[in-house]
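Please look at the sequence and the three-dimensional structure shown below before reading the briefing that follows.

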Amino acid sequence: MIAIVVPLAAVLVTPLYVWEWGFRWSDLAVLVGMYVLTAMGVTIGFHRLFVHRSFETYLWVKVVFAIMGSMALQGPLLRWVGMHRWHHQHSDTPEDPHSPQHGGAGFVGLMKGLWHAQIGWFFEADPPNLARYSQDLRKSRTFRVISALFPLWVALGLVLPAVVGGLLSQSWMGALSGLIWGGLVRIFLVHHVTWSVNSACHLWGSQPYKSDDESRNNALFGVLAMGEGWHNTHHAFPTSARHGLRWWEIDLSYWVIHLMERLSLAWDVKLPTPDAEAKGRRLA
Ligand SMILES: [Zn+2]
Ligand SMILES: [Zn+2]
């Protein structure tokens with residue numbers, strides 16, 4: 001609960017903070033830098049690399065992404081991977097850990113479903129045998145240790161922006177600003193943008209591809225969630241490293257993976273063949 005309430009409280013006091021002490025460009029830089037770093041830890045690392053194995057890379061790169069994703073405070077690596085594989089297997093059925101489709105009828109039902117998919121599910125008991133869904137990663141001591149050290153990475157995600165903020169402004173006040181903007185406010189934003197993929201992207205948007213669930217392509221979260229909002233495409237082609245398959249579907253995570261491939265930092269990058277893509281299309 002602390003993980004949700006403290007960042008929310010920080011967001012609520014930011015207007016007062018800005019009123020009293022002003023807003024520095026260095027605060028915005030630390031916020032954006034930490035947002036991109038930790039959101040991509042989740043989207044490229046936790047999601048596309050560890051859950052779906054959509055590309056291959058060196059062990060040290062995997063370790064860096066695992067730590068970046070852990071700093072997002074969305075639970076330890078092994079739990080995140082297990083929950084998300086469970087989501088794909090049971091998508092929008094009553095077994096789905098975070099489907100917005102089961103709140104009931106009418107507006108109240110929609111709101112209940114939204115709340116559950118956005119926040120409520122995070123506090124519910126794990127599905128049984130969740131560990132089975134991350135067996136591949138559990139075989140590696142490295143990933144077991146990284147997952148167990150989750151609180152350390154969360155602390156790093158708070159200390160790092162404080163240090164950068166302090167150095168940029170050469171002041172303790174700057175360090176506090178860094179902690180608030182790059183730590184707490186950033187955690188709030190990354191939480192809700194990522195979780196909107198679970199809620200909004202299973203409710204609102206287009207369904208250009210065939211999938212046995214309510215997943216949607218939502219342009220707003222396509223951009224904000226580093227490409228993860230092209231979620232209908234993702235459910236249709238889960239192992240694809242690229243979620244925005246059409247040229248105008250901005251997918252920052254894939255652009256980074258593509259750049260890594262050019263730099264020989266990523267290989268075996270999986271994409272649907274043109275034939276598979278055409279067959280996957282829903283007929284209008
Ligand atoms: Zn989904
Ligand atoms: Zn997925």
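Which residues in α3 meet which residues in α7? In this predicted model, L59, V63, A66 and I67 in α3 meet T142, F143 and I146 in α7, where two residues are in contact if their C-beta atoms, placed from the backbone, lie within 7 Å. This is a predicted model, in which local features need pLDDT of at least 70 and side-chain atom pairs count only at pLDDT 80 or more, while totals for chains, interfaces and linings use all residues. Residues are numbered from 1 along each chain as its sequence is written, and chains are lettered from A and ligands numbered from 1 in the order in which they are written.

**The whole chain**

- The chain holds 13 helices and two strands, the helices being DSSP runs of H or I with at least four residues and the strands runs of E with at least two, numbered from the N terminus.
- The radius of gyration of the chain is 19 Å, close to the 19 Å that the globule rule gives for 284 residues, so the chain is as compact as a globular protein of that length; the radius is taken over C-alpha atoms, and the rule is 2.2 Å times the number of residues to the power 0.38.
- The C-alpha trace spans about 60 × 50 × 40 Å along its principal axes.

**Helix α3 with helix α7**

- The axes of α3 (residues 59-70) and α7 (residues 141-148) come within 10 Å and cross at roughly 15°, the axes being lines fitted to C-alpha atoms over the stretch in contact and the angles running from 0 to 180 degrees between N-to-C directions.
- That angle makes α3 roughly parallel to α7, since angles under 35 degrees count as roughly parallel, over 145 as roughly antiparallel, 65 to 115 as roughly perpendicular and the rest as oblique.
- The residues of the contact of α3 with α7 divide into six nonpolar, one polar and no charged; Ala, Val, Leu, Ile, Met, Phe, Trp, Tyr, Cys and Pro count as nonpolar, Asp, Glu, Lys and Arg as charged, and the others, Gly among them, as polar.

**Helix α2 with helix α3**

- Helix α2 (residues 25-51) and α3 pack at an angle of about 120°, with their axes 7 Å apart, and the two helices are therefore oblique to each other.
- Among the residues of α2 that meet α3 are L37, M40 and F46, and those on the α3 side include K62, F65 and A66.
- By class, the contact of α2 with α3 has nine nonpolar residues, four polar and one charged.

**Helix α1 with helix α9**

- The axes of α1 (residues 2-21) and α9 (residues 172-198) come within 9 Å and cross at roughly 135°, which makes α1 oblique to α9.
- The contact is made by residues including V6, P7 and W21 of α1 and M173, I180 and H191 of α9.
- The contact of α1 with α9 divides into 13 nonpolar, two polar and no charged residues.

**Annotated regions**

- UniProt, in an unreviewed entry, lists residues 30-251 as "domain: Fatty acid desaturase", with positions in the numbering used here, feature names shortened, and annotations that may be inferred rather than shown by experiment.
- Over residues 30-251 the chain is 59% helix and 1% strand, with the end C-alpha atoms 22 Å apart.
- The unreviewed entry in UniProt also lists "transmembrane region" for several spans, among them residues 28-47 and 59-82.
- Residues 28-47 are 100% helix and 0% strand, with end C-alpha atoms 26 Å apart, whereas residues 59-82 are 75% helix and 0% strand, with end C-alpha atoms 20 Å apart.
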